[in-house]
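Visitor: I would like a quick tour of this protein. Please show me the sequence and the model.

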Amino acid sequence: MLPCLQLRTSSRSMTVMPAWVIDKYGSNDVLRFTRNASFPTINYPNEVIIKVFAAGLNPLDVGMRAGYGSATMSMQRDPLGMNQSGSEFPLILGRDVSGVVMECGLDVKYFRERDEVWAAIPPWKQGSLAEFVVLSANEISLKPKSLSHTEAAALPYVAATAWSALVNTGGLNKDNCTNKRVLILGGSGGVGTFAIQMLKAWGAHVTVSCSLNAERFVRELGADHTVDYTAGPVEEPLRALQKFDLILDNVGGDTERWALALLKPWSGAKYVTLVTPFLQNTDRLGLADGMMKTAVTVGSKALKHLMNGVHYRWGFFAPSGPALDEVRDMVDAGQIRPVVEETFSFSQVPAAMEKVEKGHARGKTVVQVGQGGDDL
């Protein structure tokens with residue numbers, strides 16, 4: 001590929017842009033539309049500026065709006081503690097982006113202007129509910145050719161989260177997944193719907209817990225077996241099944257009390273939960289004490305369950321352009337499709353956020369940014 005044209009738009013042409021921002025943490029009322037958000041600038045030679053065509057919303061956006069994880073995110077944004085408290089504001093939410101490269105830093109070699117790209121935006125960076133966003137080149141990937149921008153914006157964050165949990169933490173891949181028995185607890189949301197499709201493409205046998213009215217939906221995505229969690233204690237029908245090689249827990253709560261007994265003992269089986277107290281600990285106790293408490297908690301749980309022959313792990317989102325490259329190939333091969341539950345215009349961002357906050361989603365909520373809010 002030809003290299004990008006260097007440092008043009010932000011330094012000469014534009015200083016502000018339309019965006020939805022928050023100036024403090026709180027309820028949906030803190031969302032504010034402005035045409036004067038600071039235009040993103042390239043500060044490092046490996047960065048690119050993307051014009052946003054579509055933004056995907058996630059439950060994390062609702063949490064971040066209310067201040068969830070603010071202590072950890074502040075450390076990521078300002079590791080030396082140079083800035084004053086509240087310097088993250090105005091804050092732009094939105095973790096998924098699909099759009100077009102507008103300009104690149106000097107070291108960017110694999111992308112050029114007008115490339116259609118998608119990305120999962122780390123929560124410590126400004127998000128995609130804006131006309132433009134700046135990201136590192138290793139966080140972005142060429143968008144699947146078979147998807148529109150609206151469809152593409154439904155996948156990156158859940159794909160990166162599921163990939164991190166199942167591949168990086170769970171040790172699964174396309175070469176070792178055949179006939180592995182995997183249980184997904186809470187399979188009808190964004191991460192679950194992606195994980196079902198990826199695991200089935202790799203040849204796994206997938207069991208999903210979901211509500212009765214979501215059963216047909218997850219089976220259409222490829223689930224081999226479903227268990228209705230609304231019919232009574234879900235652990236009872238699950239105990240009657242053959243034991244599993246891996247459990248992906250999107251539910252949390254008291255599932256840890258009984259879920260690990262569903263794994264095959266002494267066979268390398270893993271329980272990976274995406275519901276961890278890490279950010280709550282750092283918010284409540286501060287960074288140092290919160291990390292210490294987190295380390296003690298995960299260490300003691302891992303040791304306890306290892307003595308019973310199974311592995312206990314926490315899974316976390318990890319931004320990765322190379323992972324999205326793999327996902328793009330699976331999408332274009334017809335192995336994975338996006339699940340867009342509802343689409344909103346850029347003027348409807350508060351309504352979109354309200355919908356995500358209500359929960360019980362089947363797939364993703366996507367905002368069409370398009371012309372950058374000219375419809376407002």
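**The open sheet**

Visitor: In what order do the 6 strands of the open sheet stand?
Guide: Strands are DSSP runs of E, at least two residues long, numbered from the N terminus. Two of them pair if DSSP finds at least two bridges between them. Here the pairing is parallel, and the order is β10-β9-β8-β11-β12-β13.

The model is predicted, so local features need pLDDT of at least 70 and side-chain atom pairs 80 or more, while totals for chains, interfaces and linings use all residues. Residues are numbered from 1 along each chain as its sequence is written, and side-chain values use heavy atoms, without hydrogens and water.

Visitor: Which strands stand at the edges?
Guide: An edge strand has a single partner, so one side is left without a neighbour in the sheet. That describes β10 (225–228) and β13 (311–314).

Visitor: How many bridges join β8 to β11?
Guide: β8 covers residues 181–185 and β11 covers 246–249. V182 stands opposite L246 in β11. The two strands run parallel, and the bridges number 4.

**A pocket**

Visitor: Which element gives the most to the lining of the second largest pocket?
Guide: A pocket is an open set of points on a 1 Å grid over the protein atoms alone, where a 1.4 Å probe fits, with protein on both sides within 12 Å along at least five of seven lines; lining residues have an atom within 4 Å of a point. The elements that give two or more residues are β1 (16–22), β2 (31–38), α3 (70–77) and β6 (132–136). With 5 residues, the top contributor is β6.
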